[in-house]
Each structure stands twice: as structure tokens, then as C-alpha cells.
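Okay, thanks for making time, everyone.

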Amino acid sequence: VQLQAFGGGLVQAGGSLRLSCAASEPTFGGYVNALAWFRQAPGKGREFVASIRWSGGITDYADSVKGRFTISRDNAKNTVDLQMNSLKPEDTAVYYCAVSRSLKPISTRRVGNYASWGQGTQVTVSS
């Protein structure tokens, strides 16, 4: 399955953006354990932002975005979305969506638990 992330752009601090990640196949191409968004700022490693488990829709957020970002899944559109409010300059990064197909319970915060990745979309927040 191919994942395409879009919705990034340039926004002023305090503003909002909504990212979407679309899968090329229904139900993200097969069994899904969890969907997630990660981000990577220049010179830094890829870090967890938010995740949603396929079964039960349980969500998890990095402390840095909790209360400002909301992850959701749209089964009809076959997308996973990230609503980002009250954006800060430190949110500037390339944002990636990811799919975990692990058959075992996983930590949704670990990069290594995700097998499929989108190409990334740039989010720039100006001060």
C-alpha cells in the first residue's frame, strides 16, 4: 500500500493546519494494528506525535502536542488525519504518517514498529 500525506504548509504561530494521509488501498491495504503520525525537524531524529489503534480507536499523544493535536481515522475516506491547533514554531518539521501491521501488542510510539510510511509533508510555523 502507498501512503500519501498532504495538508502541510506555512502558518503563523497560534494557527491551525489539518494533515491527511490517504492510503492507496481500502482499509490501508490489510491488517492494521495502529496508525500514527511522526515528525522530523532538521538535524533531529524522527519523533512520535500521535497514534490511534485500529481496534477500539485508542489514541496516544506526545506530551508536547497533547491538548493541541487530535488524531482521527476516517474509514469512508480511508485516511488518517491530524488536526493541529495552537501551532508553535517548535512544531516545524516534516510530518510522516505510518501504519503498523504488527500481530503483537506494540508501543505505538516506536518508529521501528511501523512498516509503511508516507512521503512526508512539510509544516512550517512562523513566530
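This is a predicted model: local features need pLDDT of at least 70, side-chain atom pairs count only at pLDDT 80 or more; totals for chains, interfaces and linings use all residues.

**Strands first, then charges**

Residues are numbered from 1 along each chain as its sequence is written, and side-chain values use heavy atoms, with hydrogens and water left out.

When I say strand, I mean a DSSP run labelled E of at least two residues, numbered from the N terminus; helices are H or I runs of at least four. Two strands pair if DSSP finds at least two bridges between them.

So, back to E7 and E8: they run antiparallel, joined by 6 bridges. They belong to an open sheet of 4 strands, ordered E1-E3-E8-E7, with antiparallel pairing. On average, neighbouring strands here are turned by 15° against each other, direction ignored; the axes behind that are lines fitted to C-alpha atoms, for helices over the stretch in contact, with angles running from 0 to 180 degrees between N-to-C directions.

Now look at the loop between strand E7 (69-74) and strand E8 (79-84), where you'll find Asn78. Is Asn78 buried or exposed? Asn78 counts as buried, at 11% relative accessibility. The cut-offs are under 20% relative accessible area for buried, over 50% for exposed, and partly exposed in between, with a 1.4 Å probe and protein chains only. A polar atom of the Asn78 side chain lies 3.0 Å from the backbone nitrogen of Thr27. Leaving aside residues up to four places away in sequence, Asn78 touches several others, including Cys21, Pro26 and Phe28; contact means heavy atoms within 4.5 Å.

Next, strand E9. Of the 8 residues in E9 (residues 93-100), 7 are buried, so the strand is largely enclosed by the rest of the structure. Strand E4 (residues 34-40) runs antiparallel to E9, with 7 bridges joining them, and Leu35 stands opposite Val99. On E10, Val99 has Ser116 as its bridge partner. E9 is also joined to strand E11 (residues 121-126), antiparallel, by 3 bridges, with Ala93 opposite Val123.

On to the charges. There are 6 salt bridges in the structure, a salt bridge being a side-chain nitrogen of Lys or Arg within 4 Å of a carboxyl oxygen of Asp or Glu. Asp91 pairs with Arg39, with the closest N and O atoms 2.9 Å apart. That links distant parts of the chain, 52 residues apart: Asp91 sits in the loop between E8 and E9, Arg39 in strand E4. Both Asp91 and Arg39 are buried.

Asp91 also forms a salt bridge with Arg68, at 2.7 Å between the closest N and O atoms. Which residues make up the salt-bridge network? Arg39, Glu47, Arg68 and Asp91 are linked in it.

Last one: Asp60 and Arg109 meet in a salt bridge, 2.7 Å from N to O. Asp60 is in strand E6 (residues 59-61) and Arg109 in the loop between E9 and E10, so this pair ties together parts 49 residues apart in sequence. Asp60 is partly exposed at 23% relative accessible area, and Arg109 is partly exposed too, at 37%.

Definitions and conventions
A polar contact is a pair of N or O atoms within 3.5 Å; within protein, one must be able to donate a hydrogen and the other to accept it, and residues adjacent in sequence count only if both atoms are side-chain atoms.
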